[in-house]
Structure formats: C-alpha cells, structure tokens
Amino acid sequence: MVLLFLGDWRSSLIVVITIPVSILIGVLLLGLFGQTINIMTLSGLALAIGILVDQATVTIENIHQHLEMGKSKRLAIYDACQEISFPLLLILLCILAVFAPSFLMNGVPKAMFLPLSMAIGLTMIVSYVLAQTLVPILSNWMIKAEQYQTYHHNKVHAHAGESLDNREEAQVHRHRQEEVEHPEQNNFFEKVKSRFINIITRLMPRKKLIVPIYLVVVILLAGVGFVLIGKDMMPKLNNGQFQIRMKEPQGTRLERTEDKFKQVLHIIDQTVNNHVKISSGYIGLVPSSFGSSNLYVFNTGTHEAVLQVNLDEDYKVNMDELKDALRKNIAQAIPEMAITFEPIDMTEKIMSQGANTPIEVQVAGKDMQQIETYANKVLAKLKQIPYLRDVQINQPLKYPVIAITLDRLKVSQLGLNVSDIARSVTASTSSSRFTLKNLWLDEKNSYTYQVQTQIPEYVMNSMDELKEIPLVKGQSSPTLADVASFKDTTAAGEYDRTGPRRFITVSANIYKKDLGTATSAVQAAVKSVGEPPKGLIATIGGMSSLLTETLSSLQNGLGFAILVIFLLLAANYQSFKVSLTVLSTIPAVILGSITALLITGSTLNLQSYMGMIMSTGVSVANAILIVTNAEKLRLDYRDSSRAAITSASIRLRPILMTSLAMIAGMIPMASGMGEAGEQTAPLGRAVIGGGFLPLHLPLYLYCRWYLPGYRPKPPMTNHH
C-alpha cells in the first residue's frame with residue numbers, strides 16, 4: 001500500500017520500518033504501565049497502524065519536497081522535520097484527546113477501554129518521536145537525493161504535499177501546471193486528483209446549497225441510524241460453548257435429578273448430531289465442607305443442576321438457534337423441567353456482574369408475600385414479550401418442608417429445652433458436625449481427623465422415622481413426637497438479600513434481539529405493572545443496567561473529547577470557525593460507521609464504539625493538515641475557495657493512503673476470522689465504515705467555504 005502511493009521502495013521501506021518499531025516500543029511501555037497483551041491491547045495496536053503510516057509518510061513527503069528545492073540532503077531533512085513537527089504534534093494531541101475520557105470512566109467500561117486507549121496513545125507518542133528522529137536518520141542513509149532534486153513530471157518525483165511557505169507554494173503550482181499541460185504523462189493518482197479537482201470546482205457555485213443539505217441530511221441520517229441500530233455490551237460469540245441450568249420441581253431428590261440430567265445430555269447430543277466434544281456438570285448443592293465460589297456453582301437445592309457443553313470445533317452453528325432448538329426438545333421430552341442458558345465465557349460472567357442472564361428484575365422489600373405477589377405480576381408481563389426466553393423466578397419459593405411445632409408446655413414438663421431438641425433433629429436429619437465438633441488425633445502421623453455421625457437418607461425417609469427421633473442422649477424416649485406436631489407445607493428454599501432487604505429475581509434470556517431493545521421493552525413492562533406497594537423497590541439489573549451506564553459514559557466521553565479537540569484547535573488557529581471546519585466531518589464519519597454496522601448486522605457495543613472513536617480521530621488528523629495548508633494559501637490568494645481546493649488536492653494522496661492502509665489493516669479483524677473473531681469484528685467494521693474519509697472530503701470543503709460571516713484576513717507583512 002505504501003509503495004503503491006510513494007512509488008519509491010526506499011521511502012516505502014522507511015515508512016514500513018517505523019511500524020514494528022513503534023509497536024514494539026509501545027508494547028514495552030504497556031508493560032511498564034502494568035498492562036498485558038490481550039484482545040483490547042492488540043485491538044489498540046491494530047487501530048494505531050493507520051496513523052503510524054500517516055505520520056511517517058507526511059515526514060517523508062516533506063523531505064522529498066524540500067530536496068526538490070535544491071537543498072542538500074541534510075538541510076532538506078532538517079527543514080522538513082522542523083516545518084512539520086508542530087502540525088504533527090497538534091494531530092497527536094487531538095487523537096490523544098479522543099481517548100482521554102477512558103481515564104475518567106469507572107467499573108467495567110474503564111477496565112475494557114483503558115488498555116485499548118493506552119495501547120493507541122503510547123504507540124502514537126512513540127510514532128511521533130520516531131517521525132522526528134528515526135525517519136530523518138533513515139532518510140539520510142537511504143534516500144537518493146538526486147532522484148528528487150530535479151523535477152521531471154513523467155518520472156518519479158517529489159509529491160508537493162505541503163504549502164507552508166512561498167517556495168512550497170511555488171512547487172505546488174508548478175506540479176499542477178505540469179499535470180494540466182501534459183495530462184498524457186499523468187500517473188494513475190494524478191489522474192484521480194485531476195478528476196477530484198474538476199468535480200469540486202464545478203460544485204463550487206452551489207456551495208451555499210450543498211453545505212446545509214449535507215449538514216441536515218448527514219446529522220439526520222446519523223440520528224436515525226443511532227436509533228435503529230441495536231445496542232449491546234459485547235458482540236455475541238458463536239464459539240460452540242454454552243451453559244445450561246436445569247430445574248426439576250422443587251424438592252426433587254438428587255437421584256431423580258441425576259436421571260433427568262442424563263436425559264438432557266442425551267437430548268443435547270442428538271440435537272447437535274453427536275458433536276459434543278466435552279461436557280461438565282454438577283447436580284445438587286455443594287457440600288458445606290467444600291470450598292467453592294458462587295461464580296462457578298450456585299445451585300439452590302437437590303432439584304437443580306448445571307451443565308457446561310463444548311461442541312466440536314468443526315461443528316458450526318448459530319448459538320441462538322441451537323439454544324432455541326434445545327428449549328423445544330427438552331420441553332417436549334421433560335415438560336416439568338425449567339431451563340435457562342447462562343453466560344459461560346469469563347468475560348461475559350464478569351460483564352454480567354453476578355447475574356446469570358442478561359435481563360434481571362429484582363423486587364426487594366421486607367414482606368416476602370408482597371415481594372412474591374409483585375414479582376409474579378412482573379413475570380407475567382415479561383412472558384408477553386415475544387423475544388424473551390427462559391422467563392422465570394430464580395429463587396425456589398415453594399420448597400416442600402415439614403413444619404415442626406413444639407408444645408412448649410410438654411417440653412418444659414420433660415425437662416428439655418429448645419436448643420437440645422434442635423441439636424437432636426439436626427444431627428438426625430443432616431450431620432452432627434453442625435451441632436458438635438469432634439476431632440480424633442491419629443498418633444501415628446499426628447494428623448487430626450474430623451469425626452461426624454449422620455443417619456443415612458434412605459433410613460430417614462418417612463414421617464414416622466422423623467417422629468421417632470430420641471431427644472435425650474442414651475435413651476429411646478422421649479421422642480420428637482411426644483413434644484411436637486407435624487405438618488407438610490412449603491417455604492422459601494433460599495433467601496437473597498441486598499442490605500436489609502430480601503429480594504426476588506425475575507430473569508430472562510434474549511432470542512435474536514439486542515440488549516438495548518430488550519432493556520427498553522422490559523422497562524416498559526415493569527412500568528405497566530404499576531407503582532410497587534410502599535416498601536417495595538423494583539430495579540432492572542444484569543447487563544441491562546451496565547449497558548445503560550456504559551453507553552451514557554461513552555457518549556459523554558465522545559462529546560467531551562470533541563469539546564477538548566475544538567478548544568485545542570481554537571487555541572491554535574485563533575478562530576472558532578476554522579475549528580468547527582475541522583470537526584465538520586465527524587457526523588459523516590459517525591454515519592459511515594453506523595451504516596457499516598447496520599449492513600453487516602452488527603450492533604453498537606464497546607468494540608464498535610472504539611472503532612467509531614478511532615475513525616473520528618483519524619478524520620480530525622487528516623483535516624488538520626488540510627486546514628493548516630489552506631490557512632497559509634488563503635493569506636496569499638485572498639480567496640478561501642481557491643485555497644481550499646488547492647489544499648485538498650495536495651493532501652488527497654496521503655489521506656487516501658492513510659484511509660486505505662487503515663481499512664486494509666482492519667479487513668482481517670472485520671471478517672471475524674479466527675477463534676473469538678466475532679468479538680473484535682465490530683471494531684474493524686466501524687473503522688472501515690468511518691474510514692472512507694475521501695468520500696467525505698468534498699463535503700468537508702463545502703463547510704470550510706460556507707462558514708457564515710467568514711472573511712479572509714489581510715496578509716501579514718513580514719519585517720526583516
């Protein structure tokens with residue numbers, strides 16, 4: 001790509017050398033800042049390549065241009081680097097400003113964006129330093145000065161890419177005159193440039209009509225696209241893995257749940273045509289003596305099981321469709337079983353913040369009866385939303401239990417107390433380890449063993465066995481039946497709390513719909529239930545709350561970055577109007593990114609947002625050099641339109657090269673190739689969509705010419 005545009009393999013090699021050097025030094029700096037090589041930092045390094053090429057190319061082209069003035073090689077290199085240093089620094093500051101808001105974020109958005117922003121920022125800083133140090137040194141060694149010191153239009157010659165002084169301005173006119181007088185000698189790019197100049201020159205008289213139409217249409221279409229596009233936290237993965245939670249009727253014995261578990265595993269194997277590579281499951285409660293994190297296993301009873309499945313790598317399937325097929329097959333074979341699919345990827349688990357589904361509605365309060373009544377109303381409303389699946393209440397609220405009511409008078413008459421009775425019942429129905437700690441020392445190896453006793457479950461299997469539990473140590477009577485009455489009933493199998501309040505969770509999965517749309521529908525459904533009774537609070541959790549927070553943070557961050565860039569440009573150009581000119585392509589870049597995402601079926605998520613922000617930075621970088629050239633020409637021409645056309649024509653080649661290099665670098669990422677490629681594909685697609693800046697360039701110029709009340713400033717007088 002670089003060789004195609006520069007036409008000189010030596011200059012191209014210099015530009016290419018700066019890329020790996022910048023990236024390697026950037027990686028070292030990332031290590032110093034405590035970052036690692038991961039998907040986000042690698043994405044940042046890939047995004048930075050386009051700007052790396054641009055900075056080195058601008059420096060090389062300016063060196064060529066100064067050589068054509070007849071300067072010696074060393075003087076040409078020194079003057080070129082000195083001349084271009086401040087515009088490149090301004091570009092660097094604007095791009096860094098785009099990513100600066102990531103330092104102000106909190107929680108998950110900061111954890112996701114900060115590594116990517118640091119990768120881009122550090123690499124860009126290194127690239128700027130190399131453009132002012134390594135590129136001049138390599139140019140002094142490798143470039144053949146005589147090749148550029150004599151201008152021949154039909155041979156390899158310097159590209160007049162800058163017009164920052166009178167000698168450069170004369171070069172620009174000379175090159176343009178040769179292109180007009182000898183069109184048959186023009187190369188491919190010069191023909192493209194001539195065509196470009198002819199088009200914008202013809203459209204010049206209509207600038208007052210085109211500019212407002214451009215602004216209205218682009219901003220309107222970008223707004224419509226933003227409303228239409230789906231919004232997610234992260235792109236969906238089709239990595240052949242899923243986690244399913246199975247719930248039999250509450251109180252089902254462990255053995256029966258295990259039978260159903262095996263049946264579900266068989267159904268899954270049949271559904272995927274025997275392409276299950278590996279499966280891992282757990283049935284029932286985790287023993288209290290076994291340390292485990294709820295992040296991995298959090299079953300609520302013997303009726304519940306969790307299963308993780310990994311399919312064969314060569315078995316390609318849409319996970320949404322596979323999950324829906326499993327729902328139907330399992331419901332047909334085991335109608336009493338409730339299932340739900342949960343995040344299996346660690347990133348998704350972290351993004352879910354402990355939620356087992358993307359949609360969760362928590363109803364919290366003090367009165368469990370009130371909480372349950374309101375939660376059931378929410379449950380009924382959510383079931384009416386057609387694209388929600390696995391809508392259910394997470395907690396077991398009707399767990400079968402035996403209520404034992406003690407007759408305190410009889411207890412007192414027998415000389416017993418409630419704590420003794422509780423210990424007897426606990427030791428008989430579960431284990432003595434919960435009531436009496438008993439340790440045995442093995443004197444041979446000096447190791448201590450915990451000793452506990454318990455009655456086998458197959459023995460304590462009826463109400464009669466429960467009634468015959470002795471209450472006095474070493475005696476068969478009195479028994480529990482002598483002092484208590486018994487009743488079959490139900491109770492909550494689990495109490496969840498947030499602070500002082502108990503809460504019930506209504507959860508749901510999403511089928512072929514983005515999280516943003518589903519969140520809006522759930523918010524409307526909860527609102528339609530009505531105001532919760534006094535003392536109850538209904539909140540939407542899971543990924544939904546994080547999505548709302550993250551999108552708000554990103555939008556505010558992008559707005560803040562644009563404001564910072566505007567102030568930087570205003571301070572440099574001493575003009576708000578010129579600063580607005582530089583920012584005028586941002587709506588078109590955003591529209592291009594959103595359009596690419598809509599065409600490819602992607603959503604607006606963390607990855608695509610970063611691609612959009614990067615495209616914004618690139619558009620600003622390209623515009624800065626155009627405006628810098630145009631401002632110099634305007635003072636000489638006293639004609640802003642002519643200055644804009646000339647400036648755009650000489651910057652067209654580096655802009656095309658930067659945009660195409662960035663697009664070419666993003667194509668592998670945008671295609672979603674490789675393992676977990678879908679996760680970074682939206683980033684590449686957003687960059688490609690926003691990277692067609694040459695298509696936006698004429699529109700940018702119309703904004704430049706049409707600034708209301710714009711008057712050319714009188715030329716400054718030089719005093720020597």
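In this predicted model, the charged end of arginine 245 sits over the ring of phenylalanine 298, 4.1 Å from its centre; the cut-offs here are NZ of Lys or CZ of Arg within 6 Å of the ring centre and within 35 degrees of the ring normal. Lysine 231 does likewise with phenylalanine 226, its charged end 4.6 Å from the ring centre. Residues are numbered from 1 along each chain as its sequence is written, and side-chain values use heavy atoms, with hydrogens and water left out. Local features need pLDDT of at least 70 and side-chain atom pairs 80 or more, while totals for chains, interfaces and linings use all residues.

On to ring against ring. Rings of Phe, Tyr and Trp (its six-membered ring) pair if their centres lie within 6.5 Å, with planes under 30 degrees apart called stacked, over 60 edge-to-face and the rest tilted. That rule gives four aromatic pairs. In one of them, phenylalanine 242 and phenylalanine 341 have centres 5.9 Å apart and planes at 65 degrees, so they go down as edge-to-face. Phenylalanine 242 and phenylalanine 341 are both buried (under 20% relative accessible area, with exposed over 50% and partly exposed in between; 1.4 Å probe, protein chains only).

Tyrosine 447 and tyrosine 449 also pair edge-to-face, at 5.0 Å centre to centre and 65 degrees between the planes. Tyrosine 449 is partly exposed, because its relative accessibility is 36%. Together with Trp440, Tyr447 and Tyr449 make up one aromatic cluster.

As for confidence, pLDDT (the predictor's per-residue confidence, from 0 to 100) averages 81 over the protein, and 89% of the residues score at least 70.
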